[in-house]
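Here's a quick tour of a model, written for someone who likes to see the cut-offs. Have the coordinates open while you read.

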Number of protein chains: 2
Amino acid sequence: MKTIKVLLVGLGSVGKGVAGVMADRKGNFIDRGIQFKFIGVCDSKGAVVDENGLDLAATLRQKSEGKLNHNGQSTLEAIKKLDYDILVEVTPTDAKTGEPGLTYIREALQRGKNVVTSNKGPLAIAYKELNELAHKNQAIFQYEATVGGAMPMFNLVRGSLAGNKINNIKGIFNGTCNYILTRMANEEMPYDMVLSEAKELGIAETDPTYDVEGIDTALKIVILANAIFGMDVKLSDVDICGISSVSLESLKLASDAGMVIKLIGEVNPNGGERILKVAPRLVPKEHPLAVQGTLNAALIQTELAGDIVIIGKGAGSIETASAILSDMLYIASVMK
Amino acid sequence: MKTIKVLLVGLGSVGKGVAGVMADRKGNFIDRGIQFKFIGVCDSKGAVVDENGLDLAATLRQKSEGKLNHNGQSTLEAIKKLDYDILVEVTPTDAKTGEPGLTYIREALQRGKNVVTSNKGPLAIAYKELNELAHKNQAIFQYEATVGGAMPMFNLVRGSLAGNKINNIKGIFNGTCNYILTRMANEEMPYDMVLSEAKELGIAETDPTYDVEGIDTALKIVILANAIFGMDVKLSDVDICGISSVSLESLKLASDAGMVIKLIGEVNPNGGERILKVAPRLVPKEHPLAVQGTLNAALIQTELAGDIVIIGKGAGSIETASAILSDMLYIASVMK
């Protein structure tokens with residue numbers, strides 16, 4: 001049995017999902033000979049530490065009761081000083097600065113610590129730097145959860161599609177937009193009404209700008225461009241058009257022609273004339289990308305395997321935890 | 001650069017695909033630090049050997065001209081005696097005996113040699129024995145190409161979905177049946193007419209029994225049951241109904257109700273009351289499994305990641321070679 005020491009930074013929706021999944025299993029993956037021991041958990045108030053391993057169920061209970069037992073150490077101090085094998089960094093995304101995740105990840109990689117993150121900000125802003133830092137310090141840097149939540153992407157391309165040249169990737173990478181467009185098309189309800197409904201259901205944020213204007217999708221396109229296609233691009237390199245101007249009439253016209261309208265993100269190196277684009281686009285109803293509701297879907301065009309489509313839940317606390325867990329198990333399996 | 005010695009057994013459609021892909025790259029995967037050296041290739045007449053590495057482009061040319069330079073060694077002798085790291089076994093599937101692939105794989109595993117196969121017979125008949133043999137001899141046994149061709153399945157479940165309990169898997173695992181049902185539904189053509197067309201196009205075999213009666217799909221269900229769910233079942237444990245009795249009328253009725261009919265294979269441990277089933281079933285037109293043409297699709301219901309759907313080309317020489325290549329690269333990456 002390998003014991004892997006973990007420091008979890010972030011106790012929002014995703015962090016609680018990770019802690020909950022691990023608490024249910026007591027960190028045990030016996031069939032793989034792996035035991036995760038959480039030696040610290042940090043929220044915005046600082047670190048809760050137990051070098052013998054925290055009882056995560058108790059930690060989650062204390063968090064919900066506002067009684068977390070902080071030891072006075074800040075999150076940054078914990079990242080710099082504690083003895084751990086993997087930093088699981090799941091703080092909220094800041095698309096402009098990447099902070100605080102960017103600093104956290106940088107500090108851990110500089111110490112040669114492996115990092116798993118679900119945070120799009122640091123990857124969209126500093127992928128190249130972080131990737132080089134990981135190589136230089138012989139650390140493993142994994143970020144499956146940043147694109148498509150539970151929908152496999154990076155591990156799929158690097159594992160199942162290993163040896164394939166990837167020609168381009170396009171897909172639906174934002175569940176909120178897909179929900180809105182699906183409801184508009186199926187129920188013939190106007191944009192504003194569906195958006196209100198989505199807010200009530202918790203599918204859209206109170207301020208939905210980030211999703212409906214295509215920024216979230218564009219961040220994922222930047223991450224795919226840099227991590228899979230080896231580009232070095234940033235958010236401002238993406239042509240972005242969101243869904244707020246999609247009218248009910250255009251959806252009806254599309255439907256009459258056997259089509260639906262979806263917010264499609266695309267990255268295509270296209271022999272140097274690269275395409276980095278987020279826009280509402282027509283998709284035939286019977287096309288595999290024409291998925292409904294909050295689903296995400298990606299079409300990966302490859303050299304040998306042809307077109308591969310993967311569909312899954314793009315968000316959700318437990319679903320995102322699943323992607324993080326697959327990264328943690330990967331690191332555990334290759335760690336000496 | 002790691003040099004990995006490969007013995008390729010089988011030079012039919014899949015074997016030519018593997019040799020062709022490797023010839024194009026001269027066996028080189030520089031970004032992964034891996035070089036494959038093919039020290040032998042076998043067809044039904046025996047082995048062609050060059051311990052310094054065959055020129056695969058020349059070998060393929062000689063094969064097409066009927067001028068392969070056999071050295072008098074049988075395939076079995078080559079498997080027993082040559083010095084190789086990976087046996088790539090791609091002989092045709094025999095659903096009743098598993099031969100000759102079963103003997104070939106067994107011999108290689110007994111020698112502690114790693115094996116990659118696309119051959120459904122040996123897996124459907126003797127998965128448990130072969131898996132135990134691999135463990136005992138510390139060999140790696142990979143078979144991504146046996147289910148769904150280029151559509152990732154085993155590597156997806158074990159890598160991207162690592163840590164997830166898989167609740168059940170159902171899907172379309174036979175491109176010939178899917179082509180026939182799609183054409184019948186879209187063109188309102190009767191079964192016999194579409195089947196003739198499929199034979200002309202090379203999508204159906206001259207004797208299509210194996211595909212249209214659901215045997216091929218059932219073999220894949222057996223492999224999934226044994227390899228992913230740890231069952232120990234065989235072909236006769238599967239309830240099988242093929243597509244030859246699907247009428248144009250039933251497809252029209254389905255269509256009027258917003259549905260299509262697909263040949264669905266399902267494996268579900270279902271708390272001990274296991275389901276192993278192949279049958280034509282109704283699928284809503286907008287469901288992700290309602291894919292058209294020769295595509296394959298699988299719905300994987302998981303504990304944490306929710307439902308994941310993967311869609312890809314289920315057959316084809318190069319597509320199958322892609323799955324084999326991913327297995328070869330996996331073995332190469334973990335070999336000492």
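## The interface

On the chain B side, B:Ser160, B:Leu304 and B:Ile311 supply 20% of the area buried against chain A, more than any other three residues.

## Confidence and ground rules

This is a predicted model, so to speak with caveats attached: local features need pLDDT of at least 70, side-chain atom pairs count only at pLDDT 80 or more, and totals for chains, interfaces and linings use all residues. Residues are numbered from 1 along each chain as its sequence is written, chains are lettered from A and ligands numbered from 1 in the order written, and side-chain values use heavy atoms, with hydrogens and water left out.

The model scores ipTM 0.94 and pTM 0.95. Chain A averages a pLDDT (the predictor's confidence in each residue, from 0 to 100) of 95, and 100% of its residues score at least 70.

## Two helix pairs

Helices (H or I, at least four residues) and strands (E, at least two) are DSSP runs, numbered from the N terminus. In chain A, H1 (residues 13-25) packs on H12 (residues 317-334) at about 65°, with the axes 8 Å apart. Axes are lines fitted to C-alpha atoms, for helices over the stretch in contact, and angles run from 0 to 180 degrees between N-to-C directions. That angle makes H1(A) roughly perpendicular to H12(A); angles under 35 degrees count as roughly parallel, over 145 as roughly antiparallel, 65 to 115 as roughly perpendicular and the rest as oblique.

In chain B, H7 (residues 175-187) meets H8 (residues 191-200) at about 130°, axes 9 Å apart, which means that H7(B) is oblique to H8(B). H7(B) brings B:Tyr179, B:Ile180, B:Arg183 and B:Met184, while H8(B) brings B:Tyr191, B:Val194, B:Leu195, B:Glu197 and B:Ala198.

Most residues other than glycine have a negative phi, and most peptide bonds are trans. The bond from A:Glu99 to A:Pro100 is cis, omega near 5°, and the one from B:Glu99 to B:Pro100 is cis too, omega near 0°. A:Pro100 sits in the loop between strand E5 (86-89) and helix H4 (101-110) of chain A.

B:Lys26 has a positive phi, near 50°, in the loop between helix H1 (13-25) and strand E2 (28-29) of chain B.

Notes: Buried area is the accessible area (1.4 Å probe) that two parts lose on being put together, summed over both. Contact means heavy atoms within 4.5 Å.
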